[in-house]
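Q: I have just opened a new structure and would like to learn how to read it. Could you walk me through it, one feature at a time?

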Amino acid sequence: MLCTLSEILRDANERHYAVGAFNCLSLENVMGALEAAEDLRSPIILQVAEVQFPEAPLELMAPLFLRAAKLSSVPVCVHLDHGQSIETCMKAIRLGFTSVMFDGAALPFDENVDNTRLVTRMAKAAGVDVEAELGRVGDSGVDTADVFTDVEESVRFIEATGVDALAIAIGNLHGHYVHTPQLNIQRLIEIHEANRLPLVLHGGSGTSVEDFKACIHNGICKINVATAIQRGIMKAIRERMQTEPEVGYIPLKQVMIDASRDVVAEHIRLFESNSRV
Ligand SMILES: [Zn+2]
């Protein structure tokens, strides 16, 4: 069933687990992800980021995500990941997304507040939820991981914008990395205690199990997973091509569905969102 972000995150926030938000770029991705969620009775968030639009256009992904969500027996949120402009967020809202992220983290604080507030006002009028980001989530290529979200700023930001969920920077990195990042769990605890709003962790591919557990037990309710799915699918394709170089397109499609399902299932268990619905 199609749900909003806050509907899905409310229970996660109360019962200290996290819902995986999986970046899906194909039909195979979506089919595998929903199979895992239904098998494990877990809520799930399907998302696509604006930088992925060249490979997965918003106009085409929207009807696929929405139809899959409506047909599903578990709660599914259809979410825009890293919307880079107010216009993109508007477009996703018009297409029926139940949640949008406006990413103003690179902007000065006041500008991030102003733009996020505008998105929130428009989204709320359409019954859509909003995620925003404060502080810089590092890039695995560059070392920018020392810019943690400020506790006092997070309080002012949430009050001024009315967002439903906030992505924070606690040493997490986008992409996959050579060294496992060390997360600042103390900062997470402080932000959570000051706000009680569902918090979001970006860069969920490669964090240690210990850090994941510390995150979900201390206020992280949504964890973004993108790179791990792509790596899992490529690994499965390579293995199949090695054992069966002449494998056909249809069996290969099934390999992609199965690999998506396995990676998503693994994360659902890790985030403890299984057996919740
Ligand atoms: Zn992100």
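A: Gladly! Let's begin with the residues of helix α3 that are buried: Leu 58, Met 61, Ala 62, Phe 65, Leu 66, Ala 68 and Ala 69. Keep in mind that this is a predicted model.

Q: Why do the buried residues of α3 line one face of the helix?

A: The general idea first: an α-helix makes a turn every 3.6 residues, so residues three or four places apart point the same way. In this case, a view down the axis of α3 shows its buried residues within an arc of 165°, and so they line one face. On the other side of α3 you will find Leu 60, Arg 67 and Leu 71, which are exposed.

Q: What do the buried residues of α3 pack against?

A: Their partners are strands β1 (2-3), β3 (44-49) and β4, together with helices α2 (27-39) and α4 (86-95).

Q: How many residues does α3 have, and how far does it reach?

A: Helix α3 covers residues 58-71, which is 14 residues. From first C-alpha to last it reaches 20 Å, close to the 20 Å expected at 1.5 Å a residue.

Q: Are His 82 and His 174 buried or partly exposed?

A: Buried means under 20% relative accessible area. His 82, at 14%, therefore counts as buried, while His 174, at 25%, counts as partly exposed.

Q: Finally, how many helices and strands does the protein have, and how compact is it?

A: There are ten helices and eleven strands. The radius of gyration is 18 Å, close to the 19 Å that the globule rule gives for 277 residues, so the protein is as compact as a globular protein of that length. Buried residues make up 55% of the 277. Among contacts with a separation of 6 or more, 73% are between residues 24 or more positions apart.

Note on methods
Residues are numbered from 1 along each chain as its sequence is written. This is a predicted model: local features need pLDDT of at least 70, side-chain atom pairs count only at pLDDT 80 or more; totals for chains, interfaces and linings use all residues. Side-chain values use heavy atoms; hydrogens and water are left out. Buried means under 20% relative accessible area, exposed over 50%, partly exposed in between (1.4 Å probe, protein chains only). Helices (H or I, at least four residues) and strands (E, at least two) are DSSP runs, numbered from the N terminus. The expected span of a helix is 1.5 Å times one less than its number of residues. The arc is that of the directions from the helix axis to the C-beta atoms. Contact means heavy atoms within 4.5 Å. The radius of gyration is taken over C-alpha atoms; the globule rule is 2.2 Å times the number of residues to the power 0.38.
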